[in-house]
Amino acid sequence: MISSDRPLITAGAKPVHAPDAAPEVAAQSVQSMFDAIANRYDLLNHLLSLGTDLYWWWRAARKLRPILRRPDARVLDLCCGTGDMTLALMRHRPSTVGTAPLLAVDFSHQMLSRGRDKFNRCNIIPIEADALHLPLPNGYLDVISAAFGFRNLASYEAGLAELFRVLKPGGQIAILECNQPGGLVGLLYNLYFKRILPRIGGLLSSREAYTYLPTSVERFPRPPRMLELIREAGFETGSWTSYTFGVAGLYRATKPLSS
Ligand SMILES: C[S@@+](CC[C@H](N)C(=O)[O-])C[C@H]1O[C@@H](n2cnc3c(N)ncnc32)[C@H](O)[C@@H]1O
């Protein structure tokens, strides 16, 4: 059950200039923002993360290898954007005929179009849909990944509930997300994320989007709270693995076999 005294921080993403926006307005704003930055997204992603994004996708996908290697496994890459995490997962899929296609969902038409171009002849089905209302039946999937997208959902509780619904009992989630580190790394991170990154982003793409980025990370629950939310949604064996001094990390959890 979701308690009524839940801190506001867990409510979901909000636009920078409208921190009190209703969830539908927030979702619309996120969608338009990603549509607007899609053409420069990959360039900025690699540049501003200094290439570590590639390593993070690779590392997260490798963790899912035992499931990905099963031809019958039904896999969804949620908030797939321009598809780099999807392709990292795809590398572990068998190439045998009859292997279940990898599903890739995003609600930004422009981001997904760029992904679609990259997917080319891969066994991937891109689906334009909202993560909070997936066009999939209950208990359909074996694994769901979400790289740097979950943080943008208008409600984290609703997002986790939807992931829980579409997973089979025993199915897994793997949420790769940015994190706000503490200590000296945190100080350097804040300097870079709040001062330098919005300027570079503003010059090459959109200042608003690259101001939203650190704000959304700041608003996102820290690992202990996020793990609590994951458990409250019904998942078990939740864990968080820190990547690169805690600047990012991978949440993993399983839907109980008994559910
Ligand atoms: C920061 S990008 C990450 C893209 C990709 N996974 C990556 O690692 O580069 C976040 C993506 O989440 C998508 N997104 C945000 N909220 C969504 C929602 N409610 N439903 C579907 N996609 C959503 C955005 O459109 C965007 O493409």
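The model is predicted, so to speak of a local feature a pLDDT of at least 70 is needed, side-chain atom pairs count only at pLDDT 80 or more, and totals for chains, interfaces and linings use all residues. Residues are numbered from 1 along each chain as its sequence is written, and side-chain values use heavy atoms, with hydrogens and water left out.

**The ligand and its shell**

Let us start with the ligand, which 20 residues surround; a residue is near a molecule if one of its heavy atoms lies within 4 Å of it. The closest are Tyr41, Cys79, Asp106, Ala131 and Ala147. By type, the shell has 13 nonpolar residues, five polar and two charged. Here Ala, Val, Leu, Ile, Met, Phe, Trp, Tyr, Cys and Pro count as nonpolar, Asp, Glu, Lys and Arg as charged, and the others, Gly among them, as polar. Helix 1 (residues 23-48) gives the largest share of this shell, four residues. Helices (H or I, at least four residues) and strands (E, at least two) are DSSP runs, numbered from the N terminus.

| Residue | Protein atom | Distance |
|---|---|---|
| Cysteine 79 | polar backbone atom | 2.8 Å |
| Aspartate 130 | polar side-chain atom | 2.9 Å |
| Alanine 147 | backbone N or O atom | 2.8 Å |

Taken alone, the ligand exposes 590 Å², and the protein buries 97% of that. Accessible areas come from the Shrake-Rupley method with a 1.4 Å probe.

**Helix 5**

In helix 5 (residues 109-119), Met111, Leu112, Ser113, Gly115 and Phe119 are buried. Buried means under 20% relative accessible area, exposed over 50%, and partly exposed in between (1.4 Å probe, protein chains only). After helix 5 comes asparagine 120, with a positive phi near 40°.

**Salt bridges**

The whole structure holds 10 salt bridges, each a side-chain nitrogen of Lys or Arg within 4 Å of a carboxyl oxygen of Asp or Glu. In one of them, aspartate 42 meets lysine 118 (2.7 Å, N to O). Aspartate 42 is in helix 1 and lysine 118 in helix 5, so this pair ties together parts 76 residues apart in sequence. Lysine 118 is partly exposed, at 28% relative accessibility.

Aspartate 142 also pairs with lysine 168 (3.1 Å, N to O). Aspartate 142 lies in strand 4 and lysine 168 in strand 5 (residues 167-178), so parts 26 residues apart in sequence are tied together. Through shared partners, salt bridges join Arg70, Asp72, Asp142 and Lys168 into one network.

Technical notes: Polar contact = N/O pair within 3.5 Å; in protein donor to acceptor, adjacent residues only side chain to side chain.
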